[in-house]
Amino acid sequence: KQWYQRRVAITAGIVQSFIGDIIKPRDVKCIMSEGMPLLRDPFSKGKLIVQFNVEFPEKGDIPSATLQQIETLLPPREPIEKKPEMEEVMLSDYDASASAHQAYADDSDDENGPGGPGVQCRTQ
């Protein structure tokens with residue numbers, strides 16, 4: 001399927017989304033009756049398909065004072081009831097290539113070497 005891609009400025013009005021609808025990278029939405037004219041009915045329009053390319057700021061791009069201002073515009077954070085069976089943990093960055101290398105390195109710490117105890121072939 002061939003896709004026609006171009007940047008479109010919406011000048012006819014305001015594009016709205018439903019309350020609570022979160023736009024994520026590569027999301028595809030549509031605007032009804034704002035697309036190309038229909039083949040046999042040029043006065044009617046089809047769907048305008050929109051794919052979002054969301055660019056998030058890099059860590060440190062937004063000053064902390066600005067982040068505090070943004071937070072005042074958002075709904076307040078809901079308090080989290082910490083229960084005794086809950087453990088508090090910290091979210092950190094993940095490097096898949098380093099983790100794969102570490103997994104193999106950890107394997108060699110086993111008592112029997114990498115892969116566990118050796119398997120011997122039985123002679124006949």
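A residue is called buried when its relative accessible area is under 20%, exposed when it is over 50%, and partly exposed in between. Because its relative accessibility is 15%, aspartate 27 counts as buried. The model under discussion is predicted. Side chains of opposite charge can pair when their charged atoms come close.

**Salt bridges**

- A search of the whole structure finds three salt bridges.
- Aspartate 27 pairs with lysine 24, with 3.7 Å from N to O; lysine 24 is partly exposed at 46% relative accessibility.
- A salt bridge of 3.1 Å, N to O, joins the side chains of aspartate 21 and lysine 29.
- Aspartate 21 has a relative accessible area of 30% and is therefore partly exposed; lysine 29, with 28%, is partly exposed.
- In the salt bridge between arginine 77 and glutamate 71, the closest N and O atoms are 2.7 Å apart.
- Arginine 77 has a relative accessible area of 69%, so this residue is exposed, whereas glutamate 71 counts as partly exposed at 40%.

**Nonpolar surface patch**

- Leu67, Ile70 and Leu74 make a nonpolar surface patch of about 260 Å².
- Isoleucine 70, one of the residues of this patch, lies in helix 1, which covers residues 64-73.
- The relative accessibility of isoleucine 70 is 37%, which means that this residue counts as partly exposed.

Definitions and conventions
Residues numbered from 1 in each chain as written. Predicted model: local features only at pLDDT ≥ 70, side-chain atom pairs only at ≥ 80, totals over all residues. Heavy atoms only, no water. Patch = residues over 30% accessible without salt bridge, like charges linked within 9 Å, V, L, I, M, F, W, Y side chains within 5 Å. Areas by Shrake-Rupley, 256 points an atom, 1.4 Å probe, with all protein chains shown as cover. Salt bridge = Lys/Arg side-chain N within 4 Å of Asp/Glu carboxyl O. Helix = DSSP H or I, 4+ residues; strand = E, 2+ residues; numbered from the N terminus. Buried < 20%, exposed > 50% of the residue type's maximum accessible area, 1.4 Å probe, protein only.
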